[in-house]
Amino acid sequence: MRRAGTTVYLVVLTALVALSGCFQRTPDPGGAVDLSAAFPPAAALKAVTLYRSPAPRLFPRIAAGRDGSLQLAWIESGNGRPRVMTRRLEGDRWQSPSPGVETETAALLTGAAVDGKGRLQVLYLQQNGKTQQVYHTGQTAQGWSPRQNLSLGNLPVIAPRLAVDGRGDLHAAWYSAVEHNAAVFYRRQDGKGWHAGEQVTPRDPLATFWAPSVAVGQDDTIHMVYFTLSARGAAVLYSRKGPDGHWSAAQTLSEGQRFAIAPCIAMDRLGNPHVVWKGGQRNEILYYSTLRAGRWTPPVTIAGRPDSPVDCALAVDKRGIVYLVWREITGRGNQDIFLSRGRDERWSPPVNVSRSAGTSYAVTATLANETLHLSWAEQAGAEGSHIRWLALDVGSGGG
């Protein structure tokens, strides 16, 4: 593939993919839930504004700890030098916004996770000269850790993702332009610091690899999905890394589909990965598949007309119910956040949970104490941007 073509794809996909996020959860199967009914009911749609900024765009990320704690992170750039900001939910009340570290230049928050000590860890993208690079910082007993550049040399970083395992170790994945193509990379942090980076995808002059999403099972096996682009079209691939330290050969999840991109992955407590991606002749359909008894289930159509391959997030509750949120154009240029829940081939009708008058975007989701928490950003015209939050009870069927 020629350098010029790859450059065009990188520019477009940076804008599209860098916003999405996927989160792993630990559910267990069972429970009688009516998946034919719309969820949530209209009476539950009570989103709250958590933050107002003069900045034209915000990209919040919400994350839950193993103890059920909940934290929200974003980068504020509308009041002087950009800096990481956080809020923490204590009981049923959000604490006041708390400032974290400053970034050197304008930055984009792309990942958030709560480690084994209940401390928030984040990834953000920052432009260094002509190269976009990924940085990590996080809460410590003394405040915040120093910013650390995780990039591999001068390779430009696109769409970094962050996950945490049962020990509290961090797992980061992203893709970069390499020679004339794009490849997926991975790094892990444990108590000794960040390990050396690994190239997950093969060196293939005829294919590029984009937009990884990463999750970790209870046995600390690392699961990753991404998509490949070649002359044959685009396909969603899955690979995992177990105790032997090697990545498995990639499996195609979108078999028979000409164009499949932008996958998201989440884990259940049984160690089964759940994956959603976008496909269709006009790139307008969301598909779902899960790994069961060593085999991937046939793709199930969830919904049509999703606006974009970004802003998709997954969470799985203790009964094995999968919650999917995404962004969609709803008419007159408006963009809203939609939610559907399902299991296997049964999925509830999509519900507009943002119902905004303008543009809603950058949606993320997580589960804590049988409550599904959604956060997203909303453009507010001359007022700048707002961060919105919606909490939905999913215990015993979630209403």
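Reader: What is the mean pLDDT of the protein chain?

Author: The mean pLDDT of the protein chain is 87, and 88% of its residues reach 70 or more; pLDDT is the predictor's confidence in each residue, from 0 to 100. This is a predicted model, in which local features need pLDDT of at least 70 and side-chain atom pairs count only at pLDDT 80 or more, while totals for chains, interfaces and linings use all residues. Residues are numbered from 1 along each chain as its sequence is written, and side-chain values use heavy atoms, with hydrogens and water left out.

Reader: Where is confidence lowest, and where is it highest?

Author: Confidence is lowest in helix α1 (residues 3–17), at a mean of 40, and highest in strand β2 (residues 61–64), at 97. Helices (H or I, at least four residues) and strands (E, at least two) are DSSP runs, numbered from the N terminus. Over residues 1–30 the pLDDT is below 50, and beyond near neighbours in sequence this stretch has 105 contacts in the model; a contact means heavy atoms within 4.5 Å. Where pLDDT is low, the predicted coordinates should not be read in detail.

Reader: Turning to cysteines, how many disulfides does a search of the whole structure find?

Author: The search finds zero disulfides, a disulfide being a pair of cysteine sulfur atoms within 2.5 Å. C312 is in no disulfide, and its nearest cysteine sulfur, that of C264, is 3.1 Å away.

Reader: Is C312 buried or exposed?

Author: C312 is buried, with a relative accessible area of 5%. Buried means under 20% relative accessible area, exposed over 50% and partly exposed in between (1.4 Å probe, protein chains only). C264 is buried as well, at 2%.

Reader: Now the strands. How many bridges join β22 to β23?

Author: Six bridges join strand β22 (residues 273–279) to β23, and the two run antiparallel. Two strands pair if DSSP finds at least two bridges between them. Within this pairing, H274 stands opposite T290 in β23. Strand β23 (residues 285–292) is mostly covered, with seven of its eight residues buried.

Reader: And what do β23 and β24 form?

Author: They form a hairpin with two residues between the strands, and A293 in the turn has a positive phi of about 55 degrees. The pairing of β23 with strand β24 (residues 295–296) is antiparallel, over two bridges, and R292 stands opposite R295 in β24.

Reader: In what order do the four strands of the open sheet stand?

Author: The order is β17-β18-β19-β20, with antiparallel pairing. β17 (207–216) and β20 (251–252) stand at the edges with a single partner strand each, so one side of each is left without a neighbour in the sheet. Nine bridges join strand β18 (residues 222–230) to strand β19 (residues 233–241), and H223 stands opposite R240 in β19.

Reader: Changing topic, how many aromatic pairs does the count come to?

Author: The count comes to 13 aromatic pairs. Rings of Phe, Tyr and Trp (its six-membered ring) pair if their centres lie within 6.5 Å; planes under 30 degrees apart count as stacked, over 60 as edge-to-face and the rest as tilted. One of the pairs is F59 with Y361, which is edge-to-face, at 5.6 Å centre to centre and 70 degrees between the planes. This pair links distant parts of the chain, with F59 in the loop between β1 (48–53) and β2 and Y361 in strand β31 (residues 360–368), 302 residues apart. F59 is buried at 16%, and Y361 is buried at 0%.

Reader: What are the geometry values for W277 and Y287?

Author: W277 and Y287 are stacked, at 6.1 Å centre to centre and 25 degrees between the planes. W277 lies in strand β22 and Y287 in strand β23, 10 residues apart. W277 is buried at 0%, and Y287 is buried at 13%. Elsewhere, Y175, W210 and F227 form one aromatic cluster.

Reader: Finally, which side chain is joined to that of N352 by a polar contact?

Author: The side chain of D336 is joined to N352 by a polar contact of 3.3 Å. A polar contact is a pair of N or O atoms within 3.5 Å; within protein, one must be able to donate a hydrogen and the other to accept it, and residues adjacent in sequence count only if both atoms are side-chain atoms. N352 is found in strand β30 (residues 351–352) and is buried at 18% relative accessibility.
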